[in-house]
Amino acid sequence: MDTSDTIAAIATAASGAARGMIRISGPSVLDCLSQCFVANEGEKDLAAIDVPSVVEGSIHLGDRSEKIPCDLFLWPSAKSYTRQPTAELHTLGSPPLLEAAMQSVCQCGARAAEPGEFTLRAFLAGRLDLTQAEAVLGVINARGQEDLDTALAQLAGGLSGPLLKLREQLLQILAELEAGLDFADEDIEFISQENLGRILGEARQTVLAALEQMGNRTETTDLPRVVFLGPPNVGKSSLFNALVDSCGSTTRSIVSSRSGTTRDYVTAVVDLDGMVCELIDTAGQDDSVAAESIAHAAQSMSNEQRDQATLRVQCLPASEVRSIDRLEPSQLVAFTKSDLAETDLVANDSTVACSSLTGAGIDAVRAQIRQRLEQVAQREGNSVAITAARCAESLHHANASLERAIGLCEQSGVEELVAAEVRIALLDLGRVVGAVYTEDVLDRIFSQFCIGK
Ligand SMILES: Nc1nc2c(ncn2[C@@H]2O[C@H](COP(=O)(O)OP(=O)(O)OP(=O)(O)O)[C@@H](O)[C@H]2O)c(=O)[nH]1
Ligand SMILES: [Mg+2]
């Protein structure tokens, strides 16, 4: 996450249009422009510009001798999207011309930006919080008016505004609680028990309201559904259990060496590193069962689940199958019982080998499921729903911590425990707005952007 270099990208769609745009941002924007852009007679000297300005001129075209006319929009100071000097070169929207101009820009010290890197810089500079960054993606991917309304409301801080305020309040309470702990021997009361209980109660209401505001999008029925399918005894339930286990949940499916163990289906809601989804274990698929039997009823249930799946994880025994062609994002093949396979499998991004017995490959299955769910969501232009799923989990945790803190407030001498719960709630709220983030969360969010945004 280096922001010390200067990045550039063609920021308009790669098809012929009247206008096209190259965006550049970073500390050496001016230096870069001084080499590849020529201002028209009578325009201001670029170095002398200290407020956002437009300059007419022309831009060099890579190794060619010609230049093409172009308008330069320049934000010379931190008043830009990324809070770094930023420029936009608006010119003709022909893809080869834009590429040639982009080549010039890169020859003059900029490097090609990664997907979402401008918005990542805006986030790192504190211009946007994480829910807003995701909303930018929502606006870009919006398919219709309703998507757009939701994304714009999120961009305007609809979700994060109240939560940021709440974080401030909780930080204040934490400071007071900790001051009280530091001066425990003296008779100073920094915050009364009554006040503490009241503020924590209000805090919980805000969290619950935010959860409600995200509304139906995060209801269980709307979660992505990951259905495990495959022949009897292949190890579906064992894989389901291993995944559920790795997510810290306690639901279990019965495993046995008898074929046809799973009759009904078993579901568990899990958080796959930020992607909340429902896992569904089904009965093994067996075409030979008699109609009217229990096994037959189980088969119909499996088929029903298969039809409603967001992602189908087809389980096949690693010892029998060698390779699989590439599949749609909505399908994944898991080669189970890899510990029993004698030769290596031919893997591609549609397959993953695992053993629930040894634990090998279980993390890879998690990662593959998450990645494919993201691809499906992205294809459906559903990025705001992803934010909702990511946030709901953290908000539920924050709510639980606050609830415990409120319970503790009724006892005396437990300020330390109250402070600990408040600290956990703050961490969870921080995850929602991105005050607390990990590199992989950022990677996941910003890699979904297109280049130039
Ligand atoms: N060696 C090995 N055995 C496994 C593995 N996973 C499951 N098994 C065993 O395979 C048998 C079947 O496992 P289940 O998970 O019940 O299989 P299932 O696909 O759910 O079976 P049905 O519900 O009957 O369709 C059990 O005896 C498991 O202990 C594995 O990774 N390696
Ligand atoms: Mg089973």
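Which residues does A405 touch, not counting residues up to four places away in sequence? In this predicted model, the residues touched by A405 under that condition are L200, V418, E421 and V422. A405 itself belongs to helix α11, which spans residues 383-409. With 28 other C-beta atoms within 10 Å, and the cut-off for a buried residue being 20 or more, A405 is therefore classed as buried.

The protein chain as a whole contains 13 helices and 13 strands. It has 453 residues, of which 41% count as buried. Among the contacts in the chain with a separation of 6 or more, 61% come from residues 24 or more positions apart.

One helix pair is formed by α6 (residues 160-182) and α12 (residues 415-433), whose axes are 9 Å apart and which pack at an angle of about 155 degrees. Because angles over 145 degrees count as roughly antiparallel, α6 and α12 are roughly antiparallel to each other. Their crossing is left-handed. Sorted by class, the residues in the contact of α6 with α12 comprise 17 nonpolar, 3 polar and 5 charged.

The strands include an open sheet of 6, arranged in the order β9-β10-β8-β11-β12-β13 with mixed pairing. The edge positions are held by β9 (266-272) and β13 (351-353); each has a single partner strand, so one side of each lacks a neighbour in the sheet. On average, and with direction ignored, neighbouring strands of this sheet are turned by 25 degrees against each other.

Helix α8 (residues 236-246) touches β8 (225-229), β9, β10 (275-281), β11 (311-317) and β12, and the direction of α8 makes about 155 degrees with that of β10. Helix α9 (residues 294-307) also packs on the sheet, where the strands touched are β8, β10 and β11. The direction of α9 makes about 140 degrees with that of β8.

Methods:
Residues numbered from 1 in each chain as written. Chains lettered and ligands numbered in written order. Predicted model: local features only at pLDDT ≥ 70, side-chain atom pairs only at ≥ 80, totals over all residues. Helix = DSSP H or I, 4+ residues; strand = E, 2+ residues; numbered from the N terminus. Buried ≥ 20, exposed ≤ 12 C-beta atoms within 10 Å, placed from the backbone. Contact = placed C-beta atoms within 7 Å. Axes fitted to C-alpha atoms, helices over the stretch in contact; angles between N-to-C directions. Parallel < 35°, antiparallel > 145°, perpendicular 65-115°, else oblique. Left-handed = near helix turned anticlockwise from the far one by under 90°. Nonpolar A, V, L, I, M, F, W, Y, C, P; charged D, E, K, R; others polar. Pairing = 2+ DSSP bridges.
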